[in-house]
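Hello,

Here is the structure for you to look over. My notes come after it.

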Amino acid sequence: MGLGIRVEVLHKEKIPPSSPTPQHLKTTNLSVFDQLIPDVYVPILLFYPNNTNSDHDIDEICELLKTSLSETLTHFYPFAGKYQCNDSIRCNDHGAAFLEAQVNWPMSKILEKPDFGMLKQLLPADMGSRLADPSYLVQVQANFFECGGMAIGVCISHKVADASTISKFITSWAAASLGSVSTTDQVVIPAADFGAAASLLPPLGFLNSPLPTVEFAKEKWTTRRIVFDASKIAALKCKAATAILPKPTRVEVLSALIWKCATESSRSKLGSIRPSAWLPFVNMRKVLVQPLAEKFEGNFFGVFAAKTEVSEDDNDEDVQRLAAKLRKGIEEFKVRYSNGVSGDDPCEFFQEFGSLMDGSDGDAYSCSSWCRFPFYTVDFGWGKPLWVTQCMEFKNMIVLTDTRDGDGVEASLTLNEEVMAIFESNKELLAYASLNPSVI
């Protein structure tokens with residue numbers, strides 16, 4: 001399927017902020033959280049159906065996107081700067097990259113059975129690209145299909161943004177495209193001080209040197225998409241409910257099911273039982289009780305580990321037990337950090353994360369939930385997206401996103417190829433999930 005697609009980049013240009021960044025904002029310090037993040041891109045794609053071009057030609061659409069991007073970069077001024085020395089962003093109005101591309105392939109063919117290899121061709125940069133000069137912290141690719149539809153691919157440096165900040169940036173950009181960036185209550189304009197998180201958690205000197213390049217796994221890994229509709233999630237929540245956890249959340253029950261099935265698949269491949277861990281990322285803005293936490297831009301998330309031991313056998317109660325472990329973990333995390341975090345806490349988060357994800361002492365899976373972020377409201381002037389997806393591919397990583405109706409959940413998983421083959425045939429998983437169904 002991926003052999004027939006051809007994506008031709010027609011134009012590439014630099015988009016600076018519409019207004020110069022004031023002198024007192026020319027340097028934005030990174031927080032400890034930012035320092036600990038590898039310099040890779042977070043990629044996201046937004047697909048718009050073929051009514052996109054009904055009232056606008058391609059040149060008009062590109063001009064609208066570029067003008068509104070320029071306006072938005074004025075508010076998100078670090079995004080137009082340069083990353084330096086792993087302790088700050090030089091806000092020099094370098095700008096963002098904007099690419100216009102033509103795709104000789106109907107969008108419907110991509111959406112019928114999404115393929116990650118094909119999706120990556122619609123992005124302006126490879127996820128693993130280093131962000132060294134002369135690259136950009138933000139790159140955008142507007143893809144125009146022969147059918148008239150379009151897909152906007154956005155790659156944002158993880159150094160300056162997590163999912164929460166990316167959501168604010170893209171929704172603000174769309175609002176600017178509609179000409180309402182300063183007049184609509186729905187638009188979130190970030191506080192001028194992008195260094196708020198760094199004021200709370202200033203950069204640490206021993207982290208000032210650039211981190212080593214992320215080494216993507218040498219063994220064969222593959223990424224798959226599975227979808228859970230609302231009725232299946234409701235059934236799974238009923239199954240996972242106990243006296244201890246009477247009302248599990250959808251993220252808890254789906255995490256528990258995927259954790260259980262992935263662990264079983266790994267054990268089947270290895271022929272032995274090893275400890276297992278699930279490491280969910282936690283939006284610290286929702287944890288801290290201080291009211292200004294919601295305004296923190298950049299990276300502001302923690303992580304905890306829920307674990308199983310070798311002595312714990314598989315049984316019908318597994319999803320219940322694992323969901324309860326996840327609830328206990330997040331409640332303990334909130335109690336510990338609700339009143340604040342210190343500079344050492346992020347280091348502890350990611351030290352444990354790295355140690356477990358190494359995989360030498362057991363199976364470990366990381367999970368990032370993008371659910372409830374308003375990506376499906378992103379309207380640049382031609383309606384809301386038909387499909388929104390992210391394209392991250394890290395070893396044993398699971399990313400959860402909303403389906404378009406807001407009630408279902410899509411999961412993308414990156415697992416060892418042999419483990420994935422076993423995982424996709426797991427009967428308990430298939431009772432609740434659809435393997436890569438059509439988006440249309």
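Below are notes on strands, sheets and cysteines.

This is a predicted model, where local features need pLDDT of at least 70, side-chain atom pairs count only at pLDDT 80 or more, and totals for chains, interfaces and linings use all residues. Residues are numbered from 1 along each chain as its sequence is written, and side-chain values use heavy atoms, with hydrogens and water left out.

Strands (DSSP runs of E, at least two residues, numbered from the N terminus) pair if DSSP finds at least two bridges between them.

Strand E6 covers residues 96–103. Strand E1, residues 7–15, pairs with E6 in the antiparallel sense over eight bridges. Val7 stands opposite Val103 there. E6 also runs parallel to strand E7 (residues 138–145), joined by seven bridges. In that pairing, Leu99 faces Gln141.

An open sheet has three strands in the order E2-E5-E4, with antiparallel pairing. E2 (27–29) and E4 (82–84) each have a single partner strand, so one side of each is left without a neighbour in the sheet. The twist averages 30° from one strand to the next (axes are lines fitted to C-alpha atoms; angles run from 0 to 180 degrees between N-to-C directions). Three bridges join E2 to E5, residues 88–90. Thr27 stands opposite Arg90.

On cysteines: the structure holds zero disulfides (pairs of cysteine sulfur atoms within 2.5 Å). For Cys367, the nearest cysteine sulfur is that of Cys371, 8.5 Å away. Cys367 is buried, at 3% relative accessible area. Cys261 is buried too, at 0%.

Best wishes

Key: Helices (H or I, at least four residues) and strands (E, at least two) are DSSP runs, numbered from the N terminus. Buried means under 20% relative accessible area, exposed over 50%, partly exposed in between (1.4 Å probe, protein chains only).
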